[in-house]
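Subject: Structure for your review

Dear colleague,

Please find below the structure I am handing over to you. My findings come after it.

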Amino acid sequence: METIVLFDGVCNLCNGTVRFILERDPRGRFRFAAQQSEAGQELLREHGLLERGGLADSVVVLEGGRVYLESDAALHILRRLGGVWRLAYALWVIPKPLRDRVYRLVARHRYRIFGRREQCMVPTPELKRRFL
């Protein structure tokens, strides 16, 4: 089953997360789109997720007709990566309001903490097929 990850293309934390997933997903189960891209905007629109500035306030994971946001999205990614990363899925037992509060705190300050790029990440030719 294909998993689509919509990320903030100018956020260094988000781009680092995409690289993290790519390095641990040799079978290519994950596909990606920057939320700022045409494909990303269309998927956000289709799922009613356009927020202020035309971006969702979270990484967005789409899989099997389901939408995962905030801490649910992060944990779902780790679970789908498998291996030792699947163990992090145990954090699901932490109450969602608490998990999401921590997620939103980091998300709100991500540019200040991790920085931002002037433009979205451009995938290398060998990775281009993984991006929408």
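Predicted model: local features only at pLDDT ≥ 70, side-chain atom pairs only at ≥ 80, totals over all residues.

Residues are numbered from 1 along each chain as its sequence is written, and side-chain values use heavy atoms, with hydrogens and water left out.

Strands and cores

Helices (H or I, at least four residues) and strands (E, at least two) are DSSP runs, numbered from the N terminus. Buried denotes under 20% relative accessible area, exposed over 50%, and partly exposed the range in between (1.4 Å probe, protein chains only).

In strand E1, 5 of 5 residues are buried. Cover is found on both faces of E1: Thr3, Val5 and Phe7 are buried on one side, and Ile4 and Leu6 on the other. E1 pairs with E2 in the parallel sense over 5 bridges, where pairing requires that DSSP finds at least two bridges between the strands. Within this pairing, Leu6 has Ala33 of E2 as its bridge partner.

A nonpolar core is a set of buried Ala, Val, Leu, Ile, Met, Phe, Trp, Tyr and Cys residues joined through side-chain atoms within 4.5 Å. The largest such core has 20 residues, and the members that touch the most others are Val5, Phe7, Ile21, Phe30, Phe32 and Ile77. Two or more residues each come from strand E1 (3-7), helix H1 (12-23), strand E2 (30-34), H3 and H4. Apart from this core lies another, of 9 residues, including Leu6, Ala56, Val60 and Leu62.

Which residues does Val5 contact, leaving aside neighbours within four places in sequence? They are Ile21, Phe30, Arg31, Phe32, Ala33, Val59, Val60, Val61 and Ile77, where contact means heavy atoms within 4.5 Å.

Salt bridges

The structure holds 11 salt bridges, each defined as a side-chain nitrogen of Lys or Arg within 4 Å of a carboxyl oxygen of Asp or Glu. Three of them are described here.

Glu70 and Arg104 form a salt bridge through their side chains (3.0 Å, N to O). Because Glu70 belongs to helix H3 and Arg104 to helix H4, this pair ties together parts that are 34 residues apart in sequence. Glu70 is buried, at 15% relative accessible area, whereas Arg104 is partly exposed at 37%.

Asp100 is buried, at 5% relative accessibility, and Lys96 is partly exposed at 34%. Through shared partners, salt bridges join Asp72, Lys96, Arg99 and Asp100 into one network.

A further salt bridge links the side chains of Glu42 and Arg45 (2.9 Å, N to O). These residues are 3 apart in helix H2, so about one helical turn lies between them. Glu42 is partly exposed at 37% relative accessibility, and Arg45 is partly exposed at 46%.

Surface patch

Leu91, Val93, Ile94, Leu98, Val102, Val106, Ile113 and Phe114 make a nonpolar surface patch of about 710 Å². Patches are made of residues with over 30% relative accessible area and no salt bridge; like charges are joined within 9 Å, and nonpolar side chains (Val, Leu, Ile, Met, Phe, Trp, Tyr) within 5 Å. Accessible areas come from the Shrake-Rupley method with a 1.4 Å probe, and for residues only the protein chains shown count as cover.

Helix H4 (96-108) and helix H5 (110-114) each supply at least two residues of the patch, and H4 gives the most, with 3 residues. Ile94 is located in the loop between helix H3 (70-81) and H4 and is partly exposed, at 31% relative accessibility.

Two single residues

Glu63 is part of strand E3 (residues 60-63). Is Glu63 buried or exposed? At 10% relative accessibility, Glu63 is buried. Beyond four places in sequence, Glu63 is in contact with Met1, Glu2, Thr3, Tyr68, His76 and Arg80.

Leu50 sits in the loop between helix H2 (38-46) and E3 and is partly exposed, at 35% relative accessibility. Not counting residues up to four places away in sequence, Leu50 touches Gln41, Leu44, Arg45 and Leu55.

Kind regards
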